Amino acid sequence: MTSTSQPTALITGASKGLGWALAYALAARGWQLVVDARHVDGLAAGLPGATVVAGDVTNAGHRARLADAVRRCGRLDLLVNNASYLGPSPLPGLADYPLGELRLVYETDVLAPVALTQALLPVLRSARGTVINVSSDAAVEAYPYWGGYGSAKAALDQVSAVLAAEEPELAIYAVDPGDMRTDMHQAAFPGEDISDRPRPEAIVPAFLHLLDTRPPSGRYRASELLGVPA
């Protein structure tokens with residue numbers, strides 16, 4: 001294990017979208033990074049010095065490799081559970097939701113973040129670190145056809161709240177970034193023009209604000225952190 005004074009973050013799902021934008025911003029601040037994605041082409045080149053681990057967060061062996069990479073860094077100040085699975089596109093109603101797909105949504109969006117957090121709690125405790133679980137407004141609003149993804153994110157919100165109660169020395173946040181111009185959002189609205197949605201880079205300052213100010217653990221909306229009227 002290498003001892004370092006550099007703050008260190010692990011960000012899942014960092015090859016594009018919000019994960020990439022946040023990783024890039026932290027790298028610019030001098031953070032040491034461990035990042036993962038199922039497809040990592042070009043990821044290392046875009047984040048010089050980052051430790052890139054290719055794989056799927058639902059795979060226990062991949063999570064073990066991520067944990068090993070973090071331990072080699074010597075510390076962990078921030079875990080961002082960003083990797084998510086939307087489900088089928090177009091989004092099906094619950095009456096017709098394929099159960100195999102629903103299981104994968106929950107494995108990716110709930111079980112994998114729990115398992116990765118469990119594996120990394122010792123190093124997070126040592127650094128009095130921060131866990132950010134990326135949520136969604138679908139976790140609290142009953143949108144038709146969002147029952148799979150929305151209910152999984154609702155479960156992740158509750159996981160975040162309970163973990164905060166159990167680990168008072170850590171900062172535990174569930175963050176709703178709002179709509180963004182990403183591949184996932186486009187898959188949720190196939191064929192629609194989503195060019196009016198903000199790019200992920202515009203949302204990153206909300207996450208940096210959390211890290212800079214360390215408010216009480218809880219659920220936050222990016223728009224509130226950015227001071228944008230609802």
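Analyst: What follows is a set of questions and answers about this predicted model.

User: What radius of gyration does the chain have, and why does it agree with a compact globule?

Analyst: The chain has 230 residues, and a compact globule with that number of residues would have a radius of gyration near 17 Å. The C-alpha atoms fill a box of roughly 50 × 40 × 40 Å along the principal axes. The value for the chain agrees with the one for a globule, because the radius of gyration of the chain is 17 Å.

User: How many helices and strands make up the secondary structure of the chain?

Analyst: Among contacts between residues at least 6 apart in sequence, 66% join residues at least 24 apart, and 48% of the 230 residues count as buried. The secondary structure of the chain itself comes to eight helices and seven strands.

User: Which element gives the most residues to the lining of the largest pocket?

Analyst: The largest pocket holds about 1,100 Å³ of space, and its lining has 44 residues, with Ser84, Tyr149, Thr182, Met184 and His185 nearest the centre. Elements that give two or more residues to this lining are helix 1 (17-28), strand 2 (32-37), helix 4 (99-127), helix 5 (147-166) and helix 6 (183-188). By class, the lining divides into 19 nonpolar, 16 polar and nine charged residues. The element that gives the most, with five residues, is helix 6.

User: How many charged residues does the lining of the second largest pocket have?

Analyst: About 200 Å³ of space lies in the second largest pocket, which is lined by 12 residues, and those nearest its centre are Pro177, Gly178, Asp179, Arg221 and Ser223. When the lining is sorted by class, six residues are nonpolar and two are polar, while the number of charged residues is four.

User: Which element gives the most to the lining of the largest cavity?

Analyst: The structure holds one cavity of 30 Å³ or more, and the volume of the largest cavity is about 40 Å³. Thr12, Val57, Asn81, Ala83, Thr108, Ala112, Pro113 and Leu116 line this cavity, and by class they divide into five nonpolar, three polar and no charged residues. With four residues in the lining, the element that gives the most is helix 4.

User: Is tyrosine 145 buried or exposed?

Analyst: Tyrosine 145 is placed in the loop between strand 5 (130-134) and helix 5, and its phi is near 75 degrees, a positive value in a residue other than glycine. The cut-off for an exposed residue is over 50% relative accessible area. Because tyrosine 145 has a relative accessibility of 51%, it counts as exposed.

Key:
Residues numbered from 1 in each chain as written. Predicted model: local features only at pLDDT ≥ 70, side-chain atom pairs only at ≥ 80, totals over all residues. Heavy atoms only, no water. 1 Å grid on protein atoms, 1.4 Å probe; cavity = no way out; pocket = protein on both sides within 12 Å on 5 of 7 lines; lining within 4 Å. Points joined across faces, edges and corners; volume = space filled by probe spheres on them. Nonpolar A, V, L, I, M, F, W, Y, C, P; charged D, E, K, R; others polar. Rg over C-alpha atoms; globule rule 2.2 N^0.38 Å. Buried < 20%, exposed > 50% of the residue type's maximum accessible area, 1.4 Å probe, protein only. Contact = heavy atoms within 4.5 Å.
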